[in-house]
Amino acid sequence: MLSLTLSADQPFNLDKTLSCGQVFRWVEAGGWWTGIVGDKVIRIRQDGDHLTWDGTDEPFIRHYFSLDLDLPAILSGIDRDPIIHQAIEECRGLRIIRQPPWECLVSYIIATFTNIPSIKRRITLLCREFGNEISSGGEACFSFPTQEALARAEECQVRACSLGYRAPYLCQVAQQIEANPGWAGTIRKLPYEEARTELMQYRGVGRKVADCVLLFGFGRLEAVPVDVWIERIIRQHYLNSGEKANYEYLRRYAQDYFGPFAGYAQEYLFCMRNDIAKK
DNA sequence: TGCCAGGGCCAAG
DNA sequence: CTTGGCCATGGC
């Protein structure tokens, strides 16, 4: 069991970070969060300024939870109006996690046109079916399926994980990625707009999924995924009623308005969606 | 029970 | 370039 003490000037809220809907493989029970990242089973809890965990080392924890970033500086940069201010007050300490790109890509393809409980359930089924079993001492845990495993999977077997019409997307994107193993390095080197265009070449990846992958999988903190909730919030609180706005308009609006850390603003607003988005 | 969900694809206008 | 129908599934 390892531990670290958070610095007093760098807030971190483990519960908000893991429950806000950016990751789908963490479960809380009895004050402990258990999650599977790569081939590691990690158990972690927070007591005030103290983190305690096992399953990985401290550098991984610091990197995965972005503990190296100056969160107060980020939050003061986006704190531009009473709406986002309320979200910052309520969710302070929420940090955007650095997800493995492949897991992030597949997860957000699965996340299209559904709800968060269903996403978690489907990813669990997919890992059980196509991942590798990891010994964890407790109940059986499974790693996220590799691109090779999904590329070779039978579509009907993928579909059996309650994935519906997304099953062929997953099989095809796995084959595309397998044929282009340097894909993540390519994305990482490109500027935002070009990286986005590159990502959208993959099956099942449109504007919104591309923005999610850039934000959560590649640390592009300027990316603003616009799902139905964020669209509602921007329309209700930031635009004139009836103002014409498609996806690109909404995304650019948020990026121009909130600045280089607009992705953080997006995630804080998303975390507060049930309080600030009506209907 | 019906509506909705961290949308994307594809054809038609 | 923009719009509209369609898509499987399960939570609420």
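Modeller: Helices (H or I, at least four residues) and strands (E, at least two) are DSSP runs, numbered from the N terminus. This is a predicted model, where local features need pLDDT of at least 70 and side-chain atom pairs count only at pLDDT 80 or more, while totals for chains, interfaces and linings use all residues. Residues are numbered from 1 along each chain as its sequence is written, chains are lettered from A and ligands numbered from 1 in the order in which they are written, and side-chain values use heavy atoms, leaving out hydrogens and water.

Colleague: How many of the six residues of E3 are buried?

Modeller: Buried means under 20% relative accessible area, exposed over 50%, and partly exposed in between (1.4 Å probe, protein chains only). E3 is mostly covered, and of its six residues the number buried is five.

Colleague: Which helices are included in what covers the buried residues of H12?

Modeller: H12 is mostly covered, with nine of its eleven residues buried. Among them are Val-213, Leu-214 and Phe-216. Contact means heavy atoms within 4.5 Å. The cover includes H5 (101–110), H10 (183–189), H11 (192–199), H14 (247–258) and H15.

Colleague: On to the DNA: which residue has a polar side-chain atom 2.2 Å from a phosphate oxygen of DNA strand B?

Modeller: A polar contact is a pair of N or O atoms within 3.5 Å; within protein, one must be able to donate a hydrogen and the other to accept it, and residues adjacent in sequence count only if both atoms are side-chain atoms. The side chain at 2.2 Å is that of Arg-232.

Colleague: Which helix gives the most to the surface near DNA strand C?

Modeller: A residue is near a molecule or strand if one of its heavy atoms lies within 4 Å of it. The residues surrounding DNA strand C include Ser-118, Arg-121 and Arg-122. With three residues, the top contributor is helix H6 (residues 116–130).

Colleague: Which side chain has an N or O atom 3.4 Å from a base oxygen of DNA strand C?

Modeller: Base nitrogens of DNA strand C are approached by a backbone N or O atom of Phe-113 at 3.5 Å and by a polar side-chain atom of Asn-115 at 3.4 Å. For the base oxygen, the side chain is that of Arg-122.

Colleague: Last one: how far is the sulfur of Cys-127 from the closest cysteine sulfur?

Modeller: A disulfide is a pair of cysteine sulfur atoms within 2.5 Å, and the whole structure has zero. Cys-127 is buried, with a relative accessible area of 1%. Its closest cysteine sulfur, in Cys-161, is too far for a bond, at 9.0 Å.
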